[in-house]
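Please open the model in your viewer and keep the selection panel at hand. The stops below are meant to be taken in order.

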Amino acid sequence: MIDWSAVEINDEHEAALRAYLLEGPEAWLPIQDKLTDAQSAAPYVQLVQAALGVALRRRFSPTYDIDQIIQFVADVRLSLMESGVTIDPRIAENLVRVSLGDSDRLEVAPDDVQRLQEATDATVAMLFFLVAEAQPDEAWLDEFVREAGHLARRWTAESRFDEATG
Amino acid sequence: MITDQQVATLRAQLAGDMDEYRRLLAQMDSVQETEGFDALVTAAFFQAVQRRFATDEGPVGDAEVVKFIVAARKRTRNAAEIVPPDVGELLINLALGKVPEGAKKDVDDNVSFRAKVFLLQVLVGDEGFSDAELESFLSEAREAAEEAFT
């Protein structure tokens, strides 16, 4: 159980996200110790999820339809197949719909460790696909990370509110 | 034993006569009848998948299966819900012998059946069978189902 009142997303986390997007998962090797329990990992996880949310909202126009989500997830999976990486398409589509506000329910039970890992894999894969697709330069990355940080802080504040009001 | 009524039910469905399909389906009120129909649908599905995806060099690759399921799920308004992508791909890969039967153990039977019926309609629709070809297809499916069901 995460204590959201103790979660803070700051410049350090945003810098970590920026390095992660530029260099890949190995950029987080120095902070591995912080990612071993849910509480200390929460700001990083929240920020990565927010980054996916920002990237998806940029990618899909407000008038998107389900066919576009189906095609997007398939495109991500087809691009990964060359390197032998797979992600679960149902979880990926669900993540996209939740991020775009089309569904308010993540279809992964909080205690289902395997499905949670699959959700993480799908989140990371889609995030990297979207960032690569944007062909980012320094200014793009700075602005993108700032926007993700803003969204992550908003989500954290909402979680604190939910926690406080039961 | 696969009955004439079960074959007629599947024929109505594959010919797009959905009123007749529902009428005949509603008349199946015993477990044996519904299990027989399930066996017939499964046999027809395997046959249709083999026709579409098996080649002299073996079954097609994963990418072809993914693309087919994507296209099938865009066919109608409800298709995306009827065919969850993981279930659709699993059904095709099972029929191609690319994954073991046990891979289906976590899939709900009703979800699997609905997806299978929908994909069968797509596969047969794409074949553009004449009446005689559809009869021949049904006859082969019946024979395969009888072998599997008895």
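This is a predicted model: local features need pLDDT of at least 70, side-chain atom pairs count only at pLDDT 80 or more; totals for chains, interfaces and linings use all residues.

Residues are numbered from 1 along each chain as its sequence is written, and chains are lettered from A and ligands numbered from 1 in the order in which they are written.

Begin by selecting the contact between chain A and chain B, to which chain A brings twelve residues and chain B ten residues; two residues are in contact if their C-beta atoms, placed from the backbone, lie within 7 Å. On the side of chain A that touches chain B, helix 3 (66-81) and helix 4 (89-99) each supply at least two residues, and helix 3 of chain A gives the most, with eight residues. Helices are DSSP runs (H or I, at least four residues), numbered from the N terminus.

Next, select A:Thr120, which lies in helix 5 of chain A and is partly exposed, with 16 other C-beta atoms within 10 Å. The term covers residues between buried (20 or more other C-beta atoms within 10 Å of its own) and exposed (12 or fewer), with C-beta atoms placed from the backbone.

Finally, move to A:Gln135, in the loop between helix 5 (113-133) and helix 6 (138-165) of chain A. A:Gln135 is exposed, with 7 other C-beta atoms within 10 Å, and its phi is near 45 degrees, a positive value in a residue other than glycine.
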